[in-house]
Amino acid sequence: MTSIDSLSAFFSCALGQIQAVVAESVSDNQEGQTEDDAPMRLIPHDDLAVTVPSESVHEIVARLMEHCDLAHLTTITAIDEGETVTLKYHFWQEHGLTLETWLSVDDLSIKSIIDILPGAAFYEREIFGMFGVDFVGHEDLRPLLLPDGWQAGPPLRKETNDG
Amino acid sequence: MVKTVMPIGPQHPLLKEPISFQLTLEGEHVTDSALRMGYVHRGIERMCQRRSYIQNIHLVERVCGICSHVHAFTYCQAVETLLDIEAPPRAVYLRALLCELERIHSHLLWLGVLGQNIGLDTVFMYAWRDREIVLDVMEALSGGRVSHAINVIGGTRRDITAKQQAHVMEQLDLLEQQVELAYDFVVHERTLQARTRGIGHLSLEQVKRYCVVGPVARASGLDVDVRRDSPRPPYDALSFKVPVHHDGDVWARTLIRMEEMRESVYLCRQLLADLPDGPVTTRAARRVPAGEAISRSEAPRGEVFYYIRSDGSDSPARVKIRTPTLTSLITLPDQLADVAVADISVVLSGVDLCIACADR
């Protein structure tokens, strides 16, 4: 199993960009916030997960692509936590880098990244159908897998399907 | 010129699985296309949350009817990560052996489908005849031709005997001979080249933008392979080449798959020759502790991804599966742009679609 230190070293460019974006967004929005480093942890066997604010995801992905040549998005995982929906953007380049963010169920919207990474289009559509997350800026946001005329609500949400 | 909208599917003779395309034609050429999927969506990710970790092995094996083993294997690998155990070396080698045999089986099947779709039935007959060798070998090893059910959490369900090992080695010689024959035939077959060269073109830039994986990406010059770039045992101890071509058309994808079959035969030989002794299972706790795990492996069509979250209960809290076909489907409108009607089947065959995988 890879250690968090070796992964941090491997993704030093990406982490630098992430911290820069997060620090900017913190200084923009909040006063008195002292914690300006994005929290990191290891998802075994080989992924570094970094928690970032949902407003920063688009900017971070743009910078990872531009400055770190990190452009392979494996997929986006969504998980219903009850009060929130977690989104995980799994990037991969020899090792995995996962950007984690969360949205409140009262406002399930996040800026779409397909303008910079068109490969995310199907993953965003799938999450829109299964979890009802609105990806703002995705011009063709239809459910990917659900039948036409599906009325029962997003099937992977707990409120639709008791977990 | 008059525009005609031509619907293809969801049921159609071209692919054996349901998917629908709306193609806008101007004369003989496609100007616009849209696809609709989800016809074989079975809700496997959700079903996984309702079943135990052990039941799920059999469920995820049914995500795909061609690369069934790689799904069960990648899933078990993720659960083993959660349990913080490792499969014994012998099991790791047996799993990889099945993976490589499955790659040969999948590529031969694909070659036959390509041949049939472009009207070259000879290729279909030969490729599917030789595919029987692989299926028989897999049956001898696992007991099943398509669904092998050989993975358990912590190893494999079956061991192989020295006699079986010798039998597989023997069959590999035959297989290699047939793979070489097929390679020779394909490379020198002018009809095949005439139908596939320049068709379904994807540039390196496009495959990167669409995050494409597997043979389709490698045919456009993207040198990527999970087995080599993110090696887990036994691939860190094996030597193999990752074929890369730069033309980005169906012809390049054909060559990639032909060369990959050759490499897989070499890999099978190495795996059998170096097969470690010892048990094939390690003791795995029934109770999976809370946590998360990610597992990736190289299926015949590219990177397969499993994310599992455990909350400490009997069933996983979330299982996310990303299959490689999803990444190829998204490129189809680009590939279909401006192709002639007669070449639509070549484009669709070239990417090696597995709709059941993509729909889950």
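Visitor: Is the crossing of α5(B) and α6(B) left-handed or right-handed?
Guide: The crossing of α5(B) and α6(B) is left-handed. That word applies if the near helix is turned anticlockwise from the far one by less than a right angle, while clockwise makes a crossing right-handed. This is a predicted model, where local features need pLDDT of at least 70 and side-chain atom pairs count only at pLDDT 80 or more, though totals for chains, interfaces and linings use all residues. Residues are numbered from 1 along each chain as its sequence is written, chains are lettered from A and ligands numbered from 1 in the order in which they are written, and side-chain values use heavy atoms, with hydrogens and water left out.

Visitor: Are α5(B) and α6(B) roughly parallel or roughly antiparallel, and why?
Guide: Helix α5 (residues 121-142) and helix α6 (residues 162-188) of chain B cross at roughly 165 degrees, and their axes come within 10 Å. Axes here are lines fitted to C-alpha atoms, for helices over the stretch in contact, and angles run from 0 to 180 degrees between N-to-C directions. Under 35 degrees counts as roughly parallel, over 145 as roughly antiparallel, 65 to 115 as roughly perpendicular, and the rest as oblique. So α5(B) and α6(B) are roughly antiparallel.

Visitor: What about α4(B) and α11(B): which way do they run relative to each other?
Guide: Helix α4 (residues 89-117) of chain B packs on α11(B) at about 150 degrees, with the axes 9 Å apart. The pair is therefore roughly antiparallel too, and α4(B) passes α11(B) in a left-handed crossing. The contact residues divide into 17 nonpolar, 3 polar and 5 charged. (Nonpolar covers Ala, Val, Leu, Ile, Met, Phe, Trp, Tyr, Cys and Pro; charged covers Asp, Glu, Lys and Arg; the others, Gly among them, are polar.)

Visitor: Why is the pair Arg41(A) and Glu292(B) called a salt bridge?
Guide: The rule asks for a side-chain nitrogen of Lys or Arg within 4 Å of a carboxyl oxygen of Asp or Glu. Arg41(A) and Glu292(B) meet at 2.4 Å, N to O. The pair crosses between chains, from strand β1 (residues 40-43) of chain A to strand β6 (residues 291-299) of chain B. Arg41(A) is partly exposed at 29%, whereas Glu292(B) is buried at 12%.

Visitor: Are Glu126(A) and Arg360(B) buried or exposed?
Guide: Glu126(A) is buried, at 5% relative accessible area, and Arg360(B) is buried at 2%. These two form a salt bridge, with the closest N and O atoms 3.0 Å apart.

Visitor: How many salt bridges does the rule give over all chains?
Guide: The count comes to 39. Some are linked in a network, whose members include Glu100(B), Arg103(B) and Arg218(B).

Technical notes
Helix = DSSP H or I, 4+ residues; strand = E, 2+ residues; numbered from the N terminus. Buried < 20%, exposed > 50% of the residue type's maximum accessible area, 1.4 Å probe, protein only.
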